[in-house]
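Hello,

Here is the structure I promised to pass on. Have a look at it first, and then read on for what turned up in it.

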Amino acid sequence: MTDSLRCVIVGTGAIAHAHADAIEAYPAAELVAVTDLSRASAEAFAERHGVAAVYDDLDTLLAEVKPDVVHVCTPPVAHTAQTLAAFAAGAHVVVEKPPAPSLEELDQMRAAAAAAGRELAVVFQQRTGTAAAHVKRLLDAGAFGRPLMAQCQTLWFRGADYFAVPWRGKWETEGGGPTLGHAIHQIDLLAYLLGEWESVQGQLWRLDRETGTEDASTATVTFANGAVAAVTTSAVSPREVSSIRIDTQKATITVDHLYGHAHEHWKITPAPGFEAEAEAWQLPESEEASGHNPLIRAVFDALRAGAPLPPTAADPARSFEIVAAIYASAADGAAVTPERLAQHPTHRRGFASPVTDRRA
């Protein structure tokens, strides 16, 4: 075990507070410095969280602080350069989703981590929580029989003011629309539960918002275990929900929440004839909700022990590949496989794709 981890945060916007709270909650970690393009934002953040040092730029921070862990909480377009700088300085990286603006840049980040002997942890916090861990164990053990059908819905509402932020709604600065920025969390949880994907066929829609990207998307995803999933994403849905449903041979598993789930959001319904088995499927008595705290705690435990990253922070490319495949399928007008995506002529470098405009 190493001593206490010295952590820094790059980008002091809204999501950075979740990182600061998780660092504070971990007994063997300390948030020692922050930096942001806005000095005023960084200073206000530092005052709120009791951070001693504020820097105007990341390079100076890395040179003077020499942190153990860099938490990257900036818009996606900045992730690659900041992550590479952190690895060059000898730090581990915890980066917010989406991890990069493209698959090629994520490849660069992963290669840099391996070359530096450091870890790259991507924040997909929907994987966490005792309920998700319990359901994954049962699925992996075959307790529910084969997964058959699934639905994955990210139905959120974002008004015109959301898309008016200068870097949003532009392929070159945001990388994509709500499929990349919002749905990736539920897609990641779906893939965490069901495993490797086989094909994706998707379409992008512009239904109501003034945006250069999509404001909704639809896709069909097939998985190696035989499951077929319908994936729906929206930024124009007034009754918001984040939902996954998996129908197996023996049961239906559902989780319905918004931005985080606990035991009360999960339900396991046995198929007729399998009621007697349902008692063994009950959620554990001890409960922890999903969130940044359990994910970052597990990452820090692994870093201090010199162990591999936990399953909740491993496989950073899987859900990112599914999202990339939705965009690539919209561009190709055909299904995309992992083999096709690995050699895709355009969508390894970026996700700009045709969007079907249905606005009046």
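Before the tour, one term: two strands count as paired if DSSP finds at least two bridges between them. Please also keep in mind that this is a predicted model.

**How the chain is divided**

The chain falls into domain 1, residues 5–122, and domain 2, which is made of 130–288 + 318–357. UniProt, in an unreviewed entry, lists residues 5–122 as "domain: Gfo/Idh/MocA-like oxidoreductase N-terminal". That span is 47% helix and 24% strand, and its end C-alpha atoms lie 18 Å apart. The annotation "domain: GFO/IDH/MocA-like oxidoreductase", also from an unreviewed UniProt entry, covers residues 134–253. Here the make-up is 26% helix and 43% strand, with 12 Å between the end C-alpha atoms.

S1 and S4 are parallel and share four bridges, and Val8 has Val70 in S4 as its bridge partner. S4 is then joined to S5 by four bridges, again in the parallel sense, where Val70 is partnered by Val93.

How much of S5 is buried? Five of its five residues are. His92, Val94 and Glu96 point one way from the strand, while Val93 and Val95 point the other way, and all are buried.

Another helix to look at is H4 (residues 79–88), whose buried residues are His79, Thr80, Gln82, Thr83, Ala86 and Phe87. An α-helix has 3.6 residues a turn, so residues three or four places apart point the same way.

**The eight-stranded sheet**

The other sheet is open too, with eight strands in the order S13-S12-S11-S7-S10-S9-S8-S14 and mixed pairing. Its edge strands are S13 (266–270) and S14 (356–357), each of which pairs on one side only.

Helix H6 (residues 130–141) packs on this sheet and touches strand S7 (147–157), strand S11 (236–248), strand S12 (251–257) and S13. Relative to S13, the direction of H6 makes an angle of about 30°.

Towards S14, the pairs are as follows:

- S9 (residues 216–223) and S10 (residues 228–234) run antiparallel and are joined by seven bridges; Ala219 has Val231 in S10 as its bridge partner.
- S8 and S9 are also antiparallel, with eight bridges; Leu204 stands opposite Ser217 in S9.
- S8 and S14 run parallel, with two bridges; Arg206 stands opposite Asp357 in S14.

Helix H12 (residues 318–332) lies across strand S8 (197–206) and S9, running at about 55° to S8.

The C-alpha centres of domain 1 and domain 2 lie 27 Å apart. Their contact takes 13 residues from domain 1 and 17 residues from domain 2. Between them the two domains bury about 1,200 Å², 68% of it on carbon and sulfur atoms. Which residues of domain 1 lose the most area to domain 2? They are Lys97, Leu103 and Glu104, which together make up 45% of what that side buries.

Technical notes:
Residues numbered from 1 in each chain as written. Predicted model: local features only at pLDDT ≥ 70, side-chain atom pairs only at ≥ 80, totals over all residues. Heavy atoms only, no water. Contact = heavy atoms within 4.5 Å. Axes fitted to C-alpha atoms, helices over the stretch in contact; angles between N-to-C directions. UniProt positions renumbered as here; feature names shortened; annotations may be inferred. Buried < 20%, exposed > 50% of the residue type's maximum accessible area, 1.4 Å probe, protein only. Domains from an automatic or database assignment. Buried area = accessible area lost by both parts, 1.4 Å probe.
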